Amino acid sequence: MSDLITIKGSRDGLRLRLDANAAWPELLSRLDHHLGERRGFFHGASLVIDLGEREVSPAQLDEMLALIRQHGVQATAIDSSERATRAAARAVGLAARPLPRYPEPMPTVEAEALMVMRTLRSGQVLRHTGHITLIGDVNPGAEVIAGGSVVVWGRLRGLVHAGALGDQSAIICALELTPTQLRIADLIARAPDRDKVSRPEFARVVAGEIVVDGWESFKR
Amino acid sequence: MGRVITVTSGKGGVGKTTTTANLGTALAMRGARVAVVDADIGLRNLDVVMGLENRIVYDLVDVVEGRARLRQALIKDKRLPELCLLPAAQTRDKDAVNAQQMIDLTNQLRHDFDFVLIDSPAGIESGFRNAIAGADEVIIVTTPEVSAVRDADRIVGLVEAAEKGPPSLVINRIKPRLVSRGEMLSVEDVLELLAISLLGIVPEDETIVIATNRGEAAVYDTNSLAGRAYINIAQRLAGEDVPVMAIPDQQGMLERLLGLFGRRRT
C-alpha cells in the first residue's frame, strides 16, 4: 500500500488519511491509482478524509472530491488541523472537524477486526478494512465487504467480498454458505445451484480459484 | 390515544390497499373508531376500493396546506359510522407533503380515533418515508414470491433504521395447492428469511377481486375466505389472543370428500 495514502476502518466508518507533505498533483494521481486498484472495496463507500496539516484551497478540494466521485466514493467529512482547509471544506458543503492534537497511530489491517451482532438485510452494506465477524444472517441483496476475512455465524445468502483490498489469503466461512456471489480479492465465483447445505463451510483461494469446502477439512 | 399503524410493502401490487381497507373495516365492525389514511399521493385508490370516491371534496394535501380542516376532509364510510377515510390528493405528487406534516397530521388523528391506518405507497422514497414518519407500528405486506420477500426484507431494514421497532408481517395471496406441491414459498420459508413476527396470512381468493370492484370490503362477505382471514388479523391486531388462521388446502378438502363418497359406495 502506498505510504502517502492510508485507510482505516472503525465502527464509525472508513477513514482515508492523505499525506500532508507530498505535492498535491502527485497525491491526487496516487489516490486515483489507489482507488482504481481497489474498486471492489471502495465503490459505493462513504468516508472521512483526513488531510492532516495541509492547507487546501476550495478549488483543490473540489478537484479531489470530483476524483473520488469518479470512483463511486463519497466524502462525509474533512478532518484537518489547518483552519483554512476546514473553511474550504465548509465552503463546498462538507462537515469539517479539527484533528486531535495527538492522533492515534493508524493500526494495520490485521490488527483490526469488527464484530457485529445483527441481521444484514437487503440493501444494507457492511464494509470494513479488517476482518468482519457477523453473528446473524446475511440476507439476499445485502453485502459484506472486508479487507480481511469474513466469518458469518448464521446463513450467508447475500454477496460477500473478502480480501477486498487485494488479499488472496482471506477466507470466508459461514454456518450456511449459500451466497448469491462470493468474491475473494479480484476473483469472483457464483454459488453453485444446489440444495440447501446445512453444515458449516468455508471458501478460500486455491491455485487462482475460489474453492468451497466443508468446515471439517479446514487446516491452517 | 389511538395507535398509528402504517401498512407498507416495498413492492407494488402485493395488497397494501386491500389490507388497509379490510383491516380498517374489520376493526370498525368490532366497534373501534378507525381512520384510514391514503398516503399514496398522486396515485390514490383507497377511496375506490372502499367505494367512497364520489364523496371526496377535500383531501390530505388540502388539510396539510390549510385549505380544509381535518374534520371537513374526513369521509364517513357508507355502512360504518365509526370508520372514516382521509383520501390522498390525485392531482399532486409525493413532494406535496413532508415528514413533519405527516407527524402533525397523525397526532391530530390519534386524538379522535382508536386506530389510524396509513396506506403507504410502494417504493422506498419520500412517499414511503412520509407514510412511516408518524407511525407507532408498521405492518409489512408481502406475497410468497421471491421478489416481494426481497423487497419486504429491504423495508424491514429501513423500518428498523427509522427506529419504529420490529414490524409485523402479513403474508397475502397464499395458494395452498402450490405450497403443498413445493412450487411456492411456504409461510415458514418467508418467516425464516424475514425473521419478524407473523400477524396473519391471507389466501388467494377471487372474492377479493369482486369486493374491490364493487367498492365493498371483503370482510362483509361471510363466505369470503380472505375476508375471514382479515377478521382474524384484525382480532390479533386488537390484542385478542387468537391463533393465526389456518388456510384449508382446497384440493385436500376435495379429496377428503371424494374419499367419503368412495367409502359410501362400498
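Predicted model: local features only at pLDDT ≥ 70, side-chain atom pairs only at ≥ 80, totals over all residues.
Trainee: How far apart are the end C-alpha atoms of residues 5–216 of chain B?
Mentor: That stretch is 41% helix and 19% strand, where helices (H or I, at least four residues) and strands (E, at least two) are DSSP runs numbered from the N terminus. Its end C-alpha atoms are apart by 22 Å.

Trainee: Where in chain B is Ile140(B) found, and is Ile140(B) buried or exposed?
Mentor: Ile140(B) sits in strand 6 (residues 137–142) of chain B. A residue is buried if 20 or more other C-beta atoms, placed from the backbone, lie within 10 Å of its own, exposed if 12 or fewer, and partly exposed in between. Ile140(B) has 26 C-beta neighbours inside 10 Å, so Ile140(B) counts as buried.

Trainee: What separates the C-alpha atoms of Ile140(B) and Val7(B)?
Mentor: Along the chain, these two are 133 residues apart. Ile140(B) also touches residues including Thr8(B) and Ser9(B), a contact being two C-beta atoms, placed from the backbone, within 7 Å. For Ile140(B) and Val7(B), the C-alpha separation is 5.9 Å.

Trainee: Are helix 1 and helix 3 of chain A roughly parallel or roughly antiparallel?
Mentor: Let's take the angle, which runs from 0 to 180 degrees between N-to-C directions, with axes fitted to C-alpha atoms over the stretch in contact. Helix 1 (residues 24–37) and helix 3 (residues 58–70) of chain A pack at about 15 degrees, with their axes 10 Å apart. Angles under 35 degrees count as roughly parallel, over 145 as roughly antiparallel, 65 to 115 as roughly perpendicular and the rest as oblique. Helix 1 and helix 3 of chain A are therefore roughly parallel.

Trainee: Is Ala207(A) buried or exposed?
Mentor: Ala207(A) lies in the loop between strand 15 (201–206) and strand 16 (209–214) of chain A. Its phi is near 50 degrees, a positive value in a residue other than glycine. With 5 other C-beta atoms within 10 Å, Ala207(A) is exposed.

Note on methods:
Residues numbered from 1 in each chain as written. Chains lettered and ligands numbered in written order. Lists of a residue's contacts leave out its neighbours within four places in sequence.
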